[in-house]
Amino acid sequence: MKILIATDWYKPIVNGVVTSVTNLERELLAKGHDVRILTLSNSLHSRKEGNVYYIKSVSADKLYPGARASIYLFGELYDEILKWAPDIIHTQAEFTTFIFAKRIVKALGIPHVHTYHTVYEDYTHYFSINEQIGKKTVAYLSRRLLDALDEVIVPTAKVKRLLEGYGVIPRISVIPSGIRLDSFYQKTNDLEQKELKSHLGIAPDKKVLVYVGRLAKEKNLDELLDYYKRLDRNDTVLLITGIGPYRSRLEELVDAMELTDRVIFVGLVEPSTLHKYYKLGDIFVSCSTSETQGLTYIEALACGVPPICRRDLALEGVINDGINGYQYDTFEEFKSRVEELLSDETKRTEMSGRAVENSLGYSTGIFADSVEELYSRVLNKHNDIADKKEGRLSSLRRGLRLRRHS
């Protein structure tokens with residue numbers, strides 16, 4: 001198949017959408033498909049590099065930190081896409097490149113599938129001063145955008161239920177985004193871990209709670225810091241790994257809470273070494289409820305680090321209480337679970353082994369197999385409809401000819 005993947009977010013940006021897109025791209029290419037990417041340039045210049053079309057764009061920071069937007073899809077790159085003539089378009093964002101994709105779909109008469117990655121209800125603070133109005137706006141716009149599509153992909157049943165509640169009409173398929181698990185299964189020896197701890201300024205006897213992810217308001221990191229402060233465990237450190245627009249605010253909170261000696265901001269980590277930072281953790285922690293899937297939870301499982309995370313429908317079947325980690329609703333539950341795992345090394349080790357086992361079902365290969373099967377089904381349905389339409393037109397033309405002759 002010739003597959004065009006359209007996304008507002010692409011490398012070198014680091015987030016869950018980019019991870020999903022690049023993993024899908026790589027696996028589909030390995031299967032022999034002709035895959036190209038349509039995304040936004042970080043400047044006012046359009047270009048093509050390899051299999052990627054970069055369309056010139058401007059900053060849209062006022063809508064969301066780091067976002068970009070464009071109304072330009074003309075000229076040579078657009079003509080080249082039409083000449084290449086993809087069989088199907090798979091969009092990964094609901095903004096600029098979604099609009100571009102609709103134009104290409106109309107020009108070529110091809111099917112359009114879309115992955116709905118983001119629960120925008122949790123992002124209303126970026127665009128609406130009223131939460132209820134913001135949620136109603138999200139429901140209306142999501143329905144308007146998605147109703148004309150051939151099929152919608154969501155990473156969890158949580159998102160499927162959400163879209164069904166909005167009244168979205170197209171078929172909705174649950175396909176968890178895959179992760180390149182090999183790097184997270186890599187072994188790390190004691191010397192490497194001791195050296196990394198020393199480099200980060202963590203004393204050898206300290207227990208480590210680790211968070212990995214984007215530093216943004218919707219990740220509820222304020223609560224994580226509050227809970228960590230209330231734990232009152234001087235034998236621990238909180239390792240925060242990642243970058244994002246909320247970092248400066250978090251650093252201010254850490255200073256105000258007098259936690260600067262126990263909270264460490266790592267910043268951006270090379271993907272090839274990320275597993276080492278996970279494995280410094282005795283426990284993976286998160287207070288987020290804005291996840292559509294939460295790839296970092298699965299990465300933590302693959303690294304054998306039991307998660308303790310706020311209860312969320314997105315984690316159904318991912319974090320199983322008492323088996324590979326815990327979900328909690330209150331600070332009291334959070335504290336109880338943290339203290340349990342930090343004091344019972346046998347239980348933590350058993351849970352670590354089950355965590356690794358449970359991560360096996362989220363490989364990029366399984367992910368790509370499922371998406372490839374969906375593409376084939378959508379294309380077959382699209383072609384059947386086209387054949388029937390052509391058949392009806394042929395019958396109509398034959399009828400008109402007979403009437404003229406008679």
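This is a predicted model: local features need pLDDT of at least 70, side-chain atom pairs count only at pLDDT 80 or more; totals for chains, interfaces and linings use all residues.

Let me start with Asp232, which sits in the loop between helix H7 (221-231) and strand S12; helices (H or I, at least four residues) and strands (E, at least two) are DSSP runs, numbered from the N terminus. Residues are numbered from 1 along each chain as its sequence is written, and side-chain values use heavy atoms, with hydrogens and water left out.

Back at Asp232, the phi angle is positive, about 55°, although the residue is not a glycine. Asp232 is exposed, with a relative accessible area of 58%, where exposed means over 50%, buried under 20%, and partly exposed in between (1.4 Å probe, protein chains only). Glu258 is a further non-glycine residue with a positive phi, near 60°; Glu258 is placed in the loop between helix H8 (247-256) and S13, and is exposed at a relative accessible area of 66%.

Staying with backbone geometry, the peptide bond from Lys11 to Pro12 is cis, with omega near 10°, and Pro12 belongs to the loop between S1 and H1. Val14 lies in the loop between strand S1 (2-6) and helix H1 (16-30), and is exposed at 54% relative accessible area. Together with Ile243 and Leu268, Val14 forms a nonpolar patch on the surface, the three having about 280 Å² of accessible area together. Such patches are made of residues with over 30% relative accessible area and no salt bridge, with like charges joined within 9 Å and nonpolar side chains (Val, Leu, Ile, Met, Phe, Trp, Tyr) within 5 Å; the areas come from the Shrake-Rupley method with a 1.4 Å probe, and for residues only the protein chains shown count as cover.

Now to the interior. In soluble globular proteins, nonpolar side chains tend to be buried together. The term nonpolar core here denotes a set of buried Ala, Val, Leu, Ile, Met, Phe, Trp, Tyr and Cys residues joined through side-chain atoms within 4.5 Å. The largest such core has 33 residues, of which Phe184, Leu200, Ile202, Leu239, Val266, Tyr278 and Phe284 touch the most other members. At least two residues of this core come from each of helix H6 (190-200), strand S11 (207-212), strand S12 (236-241), strand S13 (263-267), helix H9 (274-278) and helix H10 (295-302), and H10 gives the largest share, six residues. Beyond the residues up to four places away in sequence, Phe284 touches partners including Val210, Val212, Tyr278, Tyr297, Ala300 and Ile308, a contact being heavy atoms within 4.5 Å. There is also a second, separate core of 31 residues, which includes Leu215, Leu225, Ile283 and Val338.

What about charged pairs? The whole structure contains 23 salt bridges, each being a side-chain nitrogen of Lys or Arg within 4 Å of a carboxyl oxygen of Asp or Glu. In one of them, Lys158 pairs with Asp312, the closest N and O atoms being 2.8 Å apart. Lys158 lies in helix H5 (residues 157-166) and Asp312 in the loop between strand S15 (307-310) and strand S16 (326-328), so the pair ties together parts that are 154 residues apart in sequence. Lys158 and Asp312 are both buried. Lys276 and Glu192 also meet in a salt bridge, at 3.8 Å from N to O, and this pair links helix H9 with helix H6, 84 residues apart. Lys276 is partly exposed at 25% relative accessible area, and Glu192 is partly exposed at 29%. A network of salt bridges links Asp34, Arg36, Lys48 and Glu80.

I will finish with Glu151, in strand S9 (residues 151-154), which counts as buried at 4% relative accessibility. Its side chain makes polar contacts with the side chain of Ser173 at 2.5 Å and with that of Arg377 at 2.3 Å; a polar contact is a pair of N or O atoms within 3.5 Å, where, within protein, one must be able to donate a hydrogen and the other to accept it, and residues adjacent in sequence count only if both atoms are side-chain atoms. Leaving aside neighbours within four places in sequence, Glu151 is in contact with residues among them His112, His114, Pro170 and Leu374.
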